Amino acid sequence: MNTTDVRRSKRLSQVLRHRPESVGIELDPHGWVDLPSLLDALAAHGSPMTRDDIDRVVRGNDKQRFEVDATLDRIRARQGHTVEVDLDLTPSEPPEVLFHGTPRANIDSILASGLDRRRRHHVHLSPDRATAERVGARRGDFVVFHVDAATMHADGLTFWRTDNNVWLTDAVPPNRLSLDD
Ligand code: HQG
C-alpha cells in the first residue's frame, strides 16, 4: 500500500473502531456502517475518499482489518474496537499455544497480574511467534509471551478467532503465561 492508502486505512480504523462520532456517524450494534453514509461523512469532515479508495484499502490491507458486506453495501472493522460493538464471534478451540508480543517494560506487571484487555474489548493473541513479534515491535523493544491456551480452554475460558486470524480472550492469568527464551 502506498503512504496515502496507509493514511486512509488509519483514518478508517479510527472511525470504525474508536471514534465514529469524529465524522458524525454511529455504528450499528454489530459495528457496521453503510458505505454511502460513510463516504459522505468522511467528505464532510475533511477526509474525502472514493469508493475505489475504500475497496483498494480493504483489499490491500496487511492485516485484513476491514470487512465489506457487498450485499448490504456496508463496512466494519473486524476487531480492535474500543467503542461498544457485538461482533457475533463464535467461540473456537484455540491451538495449544498462542503468542503475545508486548513492550519489554510491561514484563513485571504482566507476570504479576496477567494480560488484561486494557482499552480494547479483548486481549489480542497471535497464532505464531512472527506475528507476535510484529505486534510487540510497534512500540520498540519487546518480548514475546507464550500463552498456555490449551489449559485455559480446558479450564473453561473462552477463545474467539476473528476472520483475520487474531485470537481473542477476556484475560490471561499469570500462571498461564511464560516468557519466550
Ligand atoms: C499490554 C494491533 C502491563 C499489552 C496489533 C499491550 C494487535 C499490559 C498493551 C492489536 C497488561 C495494550 C492489539 C498488564 C496487557 N500490565 N501491560 N497487566 N495487560 N498489557 O494496542 O495486543 O494494527 O490495546 O501487552 O497488531 O498490543 O490495530 O493491544 O502491549 O493485533 O489492527 O497493554 O492491535 O492491530 O495495547 O495490540 P493494545 P496489543 P491493529
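## Close-up views of selected contacts and sites

**View 1. The side chains of D141 and R104 meet in a salt bridge (2.9 Å, N to O).** D141 lies in the loop between α5 and β6 (142–148), and R104 in the loop between β4 (97–103) and α4 (107–113), so the pair ties together parts that are 37 residues apart in sequence. A salt bridge here is a side-chain nitrogen of Lys or Arg within 4 Å of a carboxyl oxygen of Asp or Glu. Helices (H or I, at least four residues) and strands (E, at least two) are DSSP runs, numbered from the N terminus. D141 is exposed, at a relative accessible area of 52%, whereas R104 is partly exposed, at 44%. Buried stands for under 20% relative accessible area, exposed for over 50%, and partly exposed for values in between (1.4 Å probe, protein chains only). The model is predicted: local features need pLDDT of at least 70, side-chain atom pairs count only at pLDDT 80 or more, and totals for chains, interfaces and linings use all residues. Residues are numbered from 1 along each chain as its sequence is written, and side-chain values use heavy atoms, with hydrogens and water left out.

**View 2. A salt bridge joins R51 and D73.** The closest N and O atoms of R51 and D73 are 2.6 Å apart. R51 lies in helix α3 (residues 51–60), while D73 belongs to the loop between β2 (66–69) and β3 (74–77), so this contact ties together parts that are 22 residues apart in sequence. R51 is partly exposed, its relative accessibility being 29%. D73 is likewise partly exposed, with a relative accessible area of 25%.

**View 3. Within helix α1 (residues 3–18), R8 and D5 lie 3 residues apart, about one turn of the helix.** Their side chains form a salt bridge (2.6 Å, N to O). R8 is counted as buried because its relative accessibility is 18%. D5 is buried as well, at 3% relative accessible area. The contact is part of a network of salt bridges that links D5, R8, D53 and R56. Across the whole structure, a search finds 16 salt bridges.

**View 4. K63, R134, R138 and R139 form a positive surface patch.** Such patches are made of residues with over 30% relative accessible area and no salt bridge, with like charges joined within 9 Å and nonpolar side chains (Val, Leu, Ile, Met, Phe, Trp, Tyr) within 5 Å. R134 counts as exposed because its relative accessibility is 56%.

**View 5. Q64 and N165 each have a positive phi in a residue other than glycine.** For Q64, phi is near 50 degrees. Q64 occupies the loop between α3 and β2, and at 31% relative accessibility it counts as partly exposed. For N165, phi is near 70 degrees. N165 is placed in the loop between β7 (159–161) and β8 (167–169). With a relative accessible area of 34%, N165 is partly exposed.

**View 6. L89 and W160 are separated by 71 residues in sequence and by 6.3 Å in space, C-alpha to C-alpha.** L89 is part of the loop between β3 and β4. At a relative accessible area of 25%, L89 is partly exposed.

View 7. A44 is found in helix α2 (residues 35–44). Its relative accessibility of 59% places A44 among the exposed residues.

**View 8. T151 and G31 are 32 Å apart, C-alpha to C-alpha, and 120 residues apart in sequence.** T151 lies in helix α6 (residues 149–154) and is partly exposed, at a relative accessible area of 26%. The chain is divided into domain 1 (3–77) and domain 2 (97–179), with bounds from an automatic or database domain assignment. The centres of domain 1 and domain 2, taken over C-alpha atoms, are separated by 27 Å.

Conventions
Areas by Shrake-Rupley, 256 points an atom, 1.4 Å probe, with all protein chains shown as cover. Lys, Arg positive; Asp, Glu negative; His and termini not counted. Charge placed at Lys NZ, Arg CZ, Asp CG, Glu CD.
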